[in-house]
Every structure is written in C-alpha cells, then in structure tokens.
Amino acid sequence: MENLSETFMEAAVLMLVGMGFVFAFLGLLIIAIGLLAKFASQFPETAPATNKINTGKAANNQIPAGVVAAITSAVTQYRKNNVKN
C-alpha cells in the first residue's frame, strides 16, 4: 500500500513540474512574440512588385464588346421568359 502511495506522490510531483515548465515556456513565448512584433513594426514592409502576365484580355479592365453583347442578350432573354404578371 505504501508503494502505491509513493507512486501517486511521484506522479503528482511530475505533473506539477511538467505543468510548470509548460506554463513558463508559454509565458516566454508570449513575451518573445510581443518583443518581435515591436521590433518588426520598426521596419514596415513594402508592397512586393507584381509581375504582370498578359492573358490576352482587354486593357484597363474593360470588358470586350462581344462579352457585353452576350450578357445583354442573355439577360434580355431571361427577362422575356421569366416575366411575372
């Protein structure tokens, strides 16, 4: 019976020591992240240059006339077929 008591006592000590180490590590991690955030805020990041890829689409974000005509035709046909009176 005494052996079981010693085992439970050793388990409790190990649990408390382990929880203490985890708590200390997480606390140090939070402090380190806070310090890193303060340090990083001193060096603002510039926007990276984007490589423009020519996909054959119209320039200046314009929709080609053929696409506009197709959309207009589709909307007109939908409205004609789905009129609610």
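This is a predicted model: local features need pLDDT of at least 70, side-chain atom pairs count only at pLDDT 80 or more; totals for chains, interfaces and linings use all residues.

**Exercise 1.** Work out how many helices and strands the protein chain has, and what share of its residues is buried.

*Solution.* Start with the secondary structure: the protein chain holds two helices and zero strands. Next, burial: buried residues account for 0% of the 85 residues. Finish with the surface, where the accessible area is about 8600 Å² and carbon and sulfur atoms own 67% of that.

**Exercise 2.** Find what UniProt says about residues 12–37, and describe the chain there.

*Solution.* First, the record: an unreviewed UniProt entry annotates residues 12–37 as "transmembrane region". Now the model: that stretch is 100% helix and 0% strand. Its end C-alpha atoms sit 37 Å apart.

**Exercise 3.** Decide whether Val-22 is buried, partly exposed or exposed, and name the surface patch it belongs to.

*Solution.* Locate Val-22 first: it lies in helix 1, which spans residues 2–40. Its relative accessible area is 48%. Exposed needs over 50% and buried under 20%, so Val-22 is partly exposed.

**Exercise 4.** Count the aromatic pairs and classify the geometry of Phe-39 and Phe-43.

*Solution.* The count is one aromatic pair. The ring centres of Phe-39 and Phe-43 are 5.3 Å apart, with planes at 65°, so this pair is edge-to-face. As for accessibility, Phe-39 is partly exposed at 49%, while Phe-43 counts as exposed at 55%.

Note on methods:
Residues are numbered from 1 along each chain as its sequence is written. Side-chain values use heavy atoms; hydrogens and water are left out. Helices (H or I, at least four residues) and strands (E, at least two) are DSSP runs, numbered from the N terminus. Buried means under 20% relative accessible area, exposed over 50%, partly exposed in between (1.4 Å probe, protein chains only). Rings of Phe, Tyr and Trp (its six-membered ring) pair if their centres lie within 6.5 Å; planes under 30 degrees apart count as stacked, over 60 as edge-to-face and the rest as tilted. Accessible areas come from the Shrake-Rupley method with a 1.4 Å probe; for residues, only the protein chains shown count as cover. UniProt positions are given in the numbering used here, feature names are shortened, and annotations may be inferred rather than shown by experiment.
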